Structure formats: C-alpha cells, structure tokens
Amino acid sequence: MEKGLLVVLSAPSGGGKGTIVKELLARNRNVRLSVSATTRAPRPGEENGVHYFFTTREDFLAQIESGGMLEHAEYVGNLYGTPKAPVDQWREAGIDVILEIEVQGGRQIKSVAPDCVSIFLLPPSLPVLEERLRGRGTEPEETVQKRLLAAREEIPHARDYDYIVVNDTVEEAVENIESILRAERLKSARGEKVIERILTSC
Ligand code: ADP
Ligand code: 5GP
C-alpha cells in the first residue's frame, strides 16, 4: 500500500481553511485532519480533542522536548503544534493527512518531509478577508485587527507553496484541492509499488 499524502494547508486567519477542510473531509473518506495542540483559549463551541488539544504552555513545551511534535510555531501570542504520532500512523495506513497550519510550520514540514504537498488558500481580496473574519464573529475587534495585519505578512509566503487555490466559492476551492490531491497520488515517484506489481504480474 502507498503511504498517504502529507498535505500542508495554509491561509491567513479567516481565509477559509476550516470551511474548506470540513467540506473536503465530508466528501473524501480517505482523508483525515490532524488535530493540533495549542495554548490559546477555546472559542465558543470548540471542543478539546476535536478542534484542538487545548494545553498549557508548560505541557506544550514538554511535548516539544520529548520529540512529540512534527512542527510548532508561535502565532499572535500563542503556541500551536502538530502531534507527530497520529500523522505517522494514518500515513502508514495509506490515509492522506491534512495539516491546517500557518506559514512557519509549513516551512518546517517542507524541511522534515520534503515529499509533502503544500497548498496556500488565498481570499479573493483583502476586503473580502476582513468581511469574512469579522462576519465569523469569533474574535474581539482588537484580535481581528492583529490577524489582518498578520495576513498582509503571510500572503507573500504563498509563493513558497506548491499550489495556490483562491477561495472564491467553497465548491470551486474544494474541487481544485481534490484535483491537486488526485494528481499528486498519480505522480511517478509515488508509483514504485504499482510498477513492481505489474513487472511481477506474470
Ligand atoms: P479559517 O479557518 O481559515 O480561519 P474559516 O473557515 O473560519 O477560516 O472562514 C472564515 C469565515 O469565512 C467563516 O465565517 C466562513 O463561513 C466564511 N467563509 C469561508 N469560505 C467562504 C466562501 N468561499 N464564501 C463565503 N464565506 C466563506
Ligand atoms: P486559530 O487560532 O485561528 O485557530 O489558528 C491561528 C493560526 O494557527 C492559523 O493560521 C492556523 O492554521 C494555525 N495553526 C493551527 N494549528 C497549527 C499547528 O499545529 N501548527 C502551526 N504551525 N500552526 C497552526
């Protein structure tokens, strides 16, 4: 069995990662979302172990120390990181794993797993991003402003990603990501087992 893909999905806050991933998971049985650890406080409706593993700074640093994090980064004053074990287990079982992470983490993944597939999700424009971020109604105005400032710094990093997808409509963005994943699974570098099977088929 071929190993599952490791997919890095980045976007500025409010860019639509959560929305797009939810739809992608609903439509594709062979894809899982990695649940990150974070030191930020849960938003209303967020559950521990479902949206994030909410943890203290002390516990988070202990996990890094023990080698349990695939990557980690500080973003707008909070720590975020990807627990390594579930990612490895799913990929070994042939399941594609999505990491919904910011750009510093994306860079770390590229260096520890160069075969990852990186996708940057862009909003159609900055005013639309602002409207969506504010419309979500999950952050106080001061945090919205901080995240918009962070977005201006993050967007140029889209150039370092393998693919750029514009989140105009959810449907089109999800279809574009599905096309990327389908093409990545067909890459010759991932087809060694198929070649061997055919060569030994008589
Ligand atoms: P992120 O996870 O990147 O922070 P979200 O998925 O929470 O972003 O999206 C931010 C807001 O924008 C949410 O209220 C969501 O419903 C809305 N949104 C996301 N994608 C679209 C889209 N294509 N069209 C309209 N609204 C969208
Ligand atoms: P939020 O607080 O809006 O949930 O996330 C803030 C930012 O942190 C988003 O860009 C999100 O993608 C990113 N993020 C979430 N989990 C991780 C993670 O495990 N690692 C890194 N590097 N970034 C993460």
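Tutor: Let's begin with a definition: a residue is near a molecule or strand if one of its heavy atoms lies within 4 Å of it. This is a predicted model, where local features need pLDDT of at least 70, side-chain atom pairs count only at pLDDT 80 or more, and totals for chains, interfaces and linings use all residues. Residues are numbered from 1 along each chain as its sequence is written, chains are lettered from A and ligands numbered from 1 in the order in which they are written, and side-chain values use heavy atoms, with hydrogens and water left out.

Student: Which residues around ligand 2 are the closest?

Tutor: Ligand 2 is surrounded by 18 residues, and the closest are Arg-40, Tyr-52, Tyr-80, Glu-102 and Arg-147.

Student: What makes the pair formed by Tyr-52 and ligand 2 a polar contact?

Tutor: A polar contact is a pair of N or O atoms within 3.5 Å; within protein, one must be able to donate a hydrogen and the other to accept it, and residues adjacent in sequence count only if both atoms are side-chain atoms. A polar side-chain atom of Tyr-52 is 2.5 Å from an oxygen atom of ligand 2, so the pair qualifies. Thr-82 also places a polar side-chain atom 3.4 Å from an oxygen atom of ligand 2, while Gly-81 uses a backbone N or O atom, at 3.0 Å from an oxygen atom.

Student: How much of ligand 2 does the protein bury?

Tutor: Taken alone, ligand 2 exposes 510 Å², and the protein buries 96% of that. Such areas come from the Shrake-Rupley method with a 1.4 Å probe; for residues, only the protein chains shown count as cover.

Student: Which elements give two or more residues to the shell around ligand 2?

Tutor: They are β5 (69-75) and β6 (78-83). Strands (E, at least two residues) and helices (H or I, at least four) are DSSP runs, numbered from the N terminus.

Student: Why is Glu-46 called buried?

Tutor: Buried means under 20% relative accessible area, exposed over 50%, and partly exposed in between (1.4 Å probe, protein chains only). Glu-46 has 18%, so Glu-46 is buried. This residue is found in the loop between β3 (37-38) and β4 (53-54), and a polar contact of 2.9 Å joins its side chain to that of Arg-40.

Student: What about Leu-181, buried or exposed?

Tutor: Leu-181 has 3% relative accessibility, so Leu-181 counts as buried. Leu-181 lies in helix α7 (residues 170-185).

Student: And which residues are the closest to ligand 1?

Tutor: Among the 14 residues that surround ligand 1, the closest are Gly-14, Lys-17, Thr-19, Arg-136 and Asn-167. A polar backbone atom of Gly-18 is 2.9 Å from an oxygen atom of ligand 1, and one of Val-170 is 3.4 Å from a nitrogen atom of ligand 1. On its own, ligand 1 has 560 Å² of accessible area, of which the protein covers 73%.

Student: Which element gives the largest share of the shell around ligand 1?

Tutor: That is α1, with 3 residues; α1 (17-27) and α5 (126-136) each supply at least two.

Student: How many disulfides does a search of the whole structure find?

Tutor: The search finds 0 disulfides, a disulfide being a pair of cysteine sulfur atoms within 2.5 Å. As for burial, Cys-116 is at 5%, so Cys-116 is buried, whereas Cys-202 is at 95% and therefore counts as exposed.
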